[in-house]
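Hello,

Here is the structure I promised to pass on to you. My notes on what turned up in it follow below.

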Amino acid sequence: MVLPCCYLAPVSHYSACFRNSEVRLEVHDHFTKQTLRNRCLIDSPSGALPLTIPICKTDGKTLMRDVRISDHGNWRHQHWAALESSYRQSPFFEFYADDFAPFYEKRWEFLADFNEELMMLTASLLDIPKPVGRTTSYEGDAFAGLPPSGVRPYYQVFANRHGFLPDLSIVDLLFNLGPEGVLWL
């Protein structure tokens with residue numbers, strides 16, 4: 001199965017990983033703005049909160065593997081602060097914080113490298129099959145192959161304020177359920 005190379009991908013992406021023995025990340029597609037490649041949604045006290053990694057300007061024909069991360073706006077600090085403030089009270093944030101913090105301290109040059117390393121870490125923490133690598137050429141729209149999100153509701157810190165929010169970033173499942181998160185995939 002080929003999956004798009006996304007930033008802290010939604011639970012449905014990891015569900016697809018869990019159900020397939022061989023997963024490759026599509027990095028030969030053209031980068032499209034306003035997609036999950038550089039965006040994710042996390043839970044917050046006011047509802048779903050989008051986090052966006054700024055990228056260096058692309059011409060619309062830039063391959064995902066060649067997209068560079070911009071350091072504009074101190075995004076690493078802002079994203080980590082948002083994760084801390086949203087999930088600090090979740091049952092497993094402290095357990096996994098030291099695994100994720102280095103991603104927001106190091107400067108990454110390429111978005112695909114950053115996303116792939118985050119996905120490898122998360123797959124490892126959930127004890128699910130890791131992607132076996134990247135595509136070597138364009139293999140089609142990786143988003144088209146994803147199953148519709150059918151994630152069963154699970155505990156979320158702010159559900160009492162705004163109800164269950166389906167298919168948030170995988171960190172929502174991980175920080176709220178820990179290793180048992182795999183049972184929801």
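This is a predicted model: local features need pLDDT of at least 70, side-chain atom pairs count only at pLDDT 80 or more; totals for chains, interfaces and linings use all residues.

Arg 24 belongs to strand β2 (residues 24–26), which runs parallel to β5 and is joined to it by two bridges.

Strand β3 (residues 39–42) has two faces: Cys 40 and Ile 42 make up the covered one, while Arg 39 and Leu 41 are on the uncovered one. The β3–β4 hairpin has six residues between its strands, and Gly 47 takes a positive phi near 115° there.

Ser 44 is also in the loop between β3 and β4. Is Ser 44 buried or exposed? Its relative accessibility is 4%, and because buried means under 20%, Ser 44 counts as buried. A polar atom of the Ser 44 side chain lies 2.6 Å from the backbone oxygen of Gly 47. Beyond its neighbours within four places in sequence, Ser 44 is in contact with Leu 49, Ser 86, Phe 158 and His 162.

Searching the whole structure gives 16 aromatic pairs. Tyr 7 and Phe 114 make a tilted one, with 5.8 Å centre to centre and 35° between the planes. Tyr 7 lies in the loop between β1 and α1 (11–19) and Phe 114 in helix α4 (residues 111–126), so this pair ties together parts that are 107 residues apart in sequence. Both Tyr 7 and Phe 114 are buried.

Another pair is edge-to-face: Phe 100 and Phe 175, at 5.6 Å centre to centre and 80° between the planes. This one links distant parts of the chain, with Phe 100 in helix α3 (residues 93–100) and Phe 175 in helix α6 (residues 170–177), 75 residues apart. Phe 100 is buried at a relative accessible area of 1%, and Phe 175 is buried at 0%.

These four residues belong to one aromatic cluster, which also includes Trp 75, Trp 80, Tyr 87 and Trp 108. Trp 108 has a charge over its ring as well: the charged end of Lys 106 sits 4.0 Å from the ring centre. Elsewhere, Arg 152 lies over the face of Trp 184, 5.0 Å from the ring centre.

Which residues touch the most other members of the largest nonpolar core? They are Tyr 7, Phe 100, Tyr 104 and Phe 114, in a core of 54 residues. At least two residues of this core come from each of α1, β3, α2 (75–87), α3, α4 and α6. Helix α4 gives the most, with eight residues.

Setting aside neighbours within four places in sequence, its contacts include Arg 39, Cys 40, Leu 51, Tyr 104, Phe 114 and Leu 118.

Conventions: Residues are numbered from 1 along each chain as its sequence is written. Side-chain values use heavy atoms; hydrogens and water are left out. Buried means under 20% relative accessible area, exposed over 50%, partly exposed in between (1.4 Å probe, protein chains only). Helices (H or I, at least four residues) and strands (E, at least two) are DSSP runs, numbered from the N terminus. Two strands pair if DSSP finds at least two bridges between them. Rings of Phe, Tyr and Trp (its six-membered ring) pair if their centres lie within 6.5 Å; planes under 30 degrees apart count as stacked, over 60 as edge-to-face and the rest as tilted. A charge sits over a ring if NZ of Lys or CZ of Arg is within 6 Å of the ring centre and within 35 degrees of the ring normal. A nonpolar core is a set of buried Ala, Val, Leu, Ile, Met, Phe, Trp, Tyr and Cys residues joined through side-chain atoms within 4.5 Å. Contact means heavy atoms within 4.5 Å. A polar contact is a pair of N or O atoms within 3.5 Å; within protein, one must be able to donate a hydrogen and the other to accept it, and residues adjacent in sequence count only if both atoms are side-chain atoms.
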